[in-house]
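Have a look at the structure first.

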Protein chains: 2
Amino acid sequence: MIAEAAFIDSLRALAHDPAARGLMDDAAVLDIGGVSLVLTHDMIVEGVHYLAHDPAEEVAWKLLAVNLSDLAAKGARPIGVLLGYALGEAGWDRDFARGLGTALAAFDLPLLGGDTVAMPGGAPRAFGLTAIGRADGPAPSRAGAKAGDDLWVSGTIGDAGAGLALLQTGEAGPQGLIERYRTPRPRLEAGLRLAPLVSAMMDVSDGLLIDAKRMAVASECALTLALDAMPLSEDYLALRGADRDARLDAAAAGDDYELLFAAPPGMAARLLALAEEIGLPLTRIGRFASGAGLTLIDGGEELALPARLGFEHGA
Amino acid sequence: MIAEAAFIDSLRALAHDPAARGLMDDAAVLDIGGVSLVLTHDMIVEGVHYLAHDPAEEVAWKLLAVNLSDLAAKGARPIGVLLGYALGEAGWDRDFARGLGTALAAFDLPLLGGDTVAMPGGAPRAFGLTAIGRADGPAPSRAGAKAGDDLWVSGTIGDAGAGLALLQTGEAGPQGLIERYRTPRPRLEAGLRLAPLVSAMMDVSDGLLIDAKRMAVASECALTLALDAMPLSEDYLALRGADRDARLDAAAAGDDYELLFAAPPGMAARLLALAEEIGLPLTRIGRFASGAGLTLIDGGEELALPARLGFEHGA
């Protein structure tokens, strides 16, 4: 992990253009002819980001969705994608192409280009996708939260992590949790509507706690997060209940692909009205203050932070 | 190979936007606020596109160079890149980051973003790079050649393939050939200057014969290519001589990263003057005609096409 952090630091030195946002953001934001072009590239690796027996169609969906989630967090409307594809078994590849077609059609997007490569036999496969979008308004960074802002999150947290656990253990449980893991829904409409209202925004991909901490660090603020305010789904509550362990697991699980954003308290009524309008819960879960550090509270009581806040870089 | 072709055909069905150029071109060309944005994504895989013992710095150079070569072929000026990086051994990663820094600095480019992922232990690594450029003039496609146009190529052909053979056999030979394999020079300046003069352009990455055939197919023309006109370097001639086998090997070797372009015969004097000016040979090697098919001639005699014209997709 220390070597990985050093590697990423050495890349950061190459990201001197303001469009790169110091590699601290979900996406690069480039001014092209007066248009804010938003660019992101995420990879998924067999055995790391998806399970070898996950259906190929759903791996394709996930590869697209995780990238569109980054665009959503910048309030961008996707324009198209480039695919980097490692060929494998022909039937799997055919299913992947069909799944990618379904996913692109769901978001009305074209494939613009990319590359197809052979891998040495038996090698785990790695896929990359570059998503290109345009932000017609501001493209909020994750560094804009101000002391006094509330921290909000869309949807529910922990479902995908619980779904992954069901797949790994083979236990029975609500299918909706597995769907959240395999076919996340990028919050594009919410991102477009939220972008003009928020002071900072990012998506929750590595875990609510670690991602919230990253927003606080990037914004040079302290953050208090209320574990008991964190939104949990009916499915999650049915499987795991709502005790502290269940809530801590959800908060560090990752793969949520929800939007995490900061907004001044005066914005609350508008945000709650927007949630009604778009049919997606938006929930206040914390508060930024001057200073530094992440504090976790539950029922008014301060908790020690868990050792693991989510996935670190590279996982 | 048939399965791969079917897979690529199924992707082509998803590339319905004109910007995708039917996935037949080196890059996507997108109109953004009146600017022609050129986007390309190439991957390189350990053991397929580079040798496991190639120095990490030079793998980084190559990853950047192969993508910039696609921009060069569209007459685009690069703006920045996104990196998809599979972490490996810490020292190798450090050298890669240093090499990427050197390469980006050589082209005065920023790293804009990307992703860093862990691979399962021992897996061959795959890297992707997305290069973004802008074409301030026309972005020639590979489909624009007309019957009567000449086919031209920049630089010399076959050097990289000979360098790879030296590395694979351990034989002694000119270091310049190995450099051509490990650290190709994208012809950015030539691409910018050629774009307004040509009717079609692409880069030679998979082999002169296969790439020339692709241009002819995309342009719906027949093409006659003169093997004896193909430019060979002093290094290549010193190692391999100029007999027919040596020339056929060069023509199918790949990894040249030269520019291949079509232009009306009346453009010849301007092209030769440009070659003088930029210090890069531009050589007429063929002629397009109405019809279809690739014909190879050598000393006025028609040759059977070799079984292998270059690398097929995926290699």
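Lys74(B) counts as buried, with a relative accessibility of 0% (buried means under 20% relative accessible area, exposed over 50%, partly exposed in between, with a 1.4 Å probe and protein chains only). Lys74(B) sits in the loop between helix H2 (56-73) and strand S3 (77-87) of chain B; helices (H or I, at least four residues) and strands (E, at least two) are DSSP runs, numbered from the N terminus. Its side chain meets that of Asp25(B) in a salt bridge, 2.6 Å from N to O (a salt bridge being a side-chain nitrogen of Lys or Arg within 4 Å of a carboxyl oxygen of Asp or Glu). Asp25(B) is in the loop between H1 and S1 of chain B, so the pair ties together parts that are 49 residues apart in sequence. Asp25(B) is buried too, at 12% relative accessible area.

Before going on, some ground rules: this is a predicted model, where local features need pLDDT of at least 70 and side-chain atom pairs count only at pLDDT 80 or more, while totals for chains, interfaces and linings use all residues. Residues are numbered from 1 along each chain as its sequence is written, chains are lettered from A and ligands numbered from 1 in the order in which they are written, and side-chain values use heavy atoms, with hydrogens and water left out.

Asp26(B) belongs to the loop between helix H1 (2-12) and strand S1 (28-32) of chain B. Is Asp26(B) buried or exposed? Its relative accessible area is 10%, so Asp26(B) is buried. Its side chain has a polar contact of 3.4 Å with the side chain of Arg142(B) (a polar contact is a pair of N or O atoms within 3.5 Å; within protein, one must be able to donate a hydrogen and the other to accept it, and residues adjacent in sequence count only if both atoms are side-chain atoms). A polar atom of the Asp26(B) side chain also lies 3.4 Å from the backbone nitrogen of Asp203(B).

Leaving out residues up to four places away in sequence, Asp26(B) touches a set of residues including Thr40(B), Asp70(B), Lys74(B), Met201(B) and Met202(B) (contact means heavy atoms within 4.5 Å).

## Charged pairs elsewhere

Which residues of chain A are linked in a network of salt bridges? They are Arg21(A), Asp25(A), Asp26(A), Lys74(A) and Arg142(A). Within it, Arg21(A) pairs with Asp25(A), the closest N and O atoms being 2.9 Å apart. Arg21(A) is partly exposed at 24% relative accessibility, while Asp25(A) is buried at 12%.

Back in chain B, Lys62(B) and Asp255(B) form a salt bridge of 3.9 Å, N to O. Lys62(B) is in helix H2 and Asp255(B) in the loop between helix H9 (244-253) and strand S9 (258-263), so this pair ties together parts that are 193 residues apart in sequence. Lys62(B) is buried at 4% relative accessible area, and Asp255(B) is buried at 13%. Over all chains, the count comes to 50 salt bridges.

## How the chains meet

Chain A superposes on chain B by a rotation of 180° with 0.0 Å of shift along its axis, at an RMSD of 0.0 Å (least squares on the C-alpha atoms of residues with pLDDT of at least 70 in both copies). That is the relation of a two-fold axis. The same surface serves both copies, since 100% of the contact residues of chain A recur in chain B. Gly33(A) comes closest to the rotation axis of the residues of chain A, its C-alpha at 2.5 Å.

The contact uses 59 residues from chain A and 60 residues from chain B. About 4,800 Å² is buried between the chains, with 79% of that from carbon and sulfur atoms (buried area is the accessible area, 1.4 Å probe, that two parts lose on being put together, summed over both). Across this interface there are zero salt bridges, but five residue pairs are in polar contact, both residues at pLDDT 80 or more.
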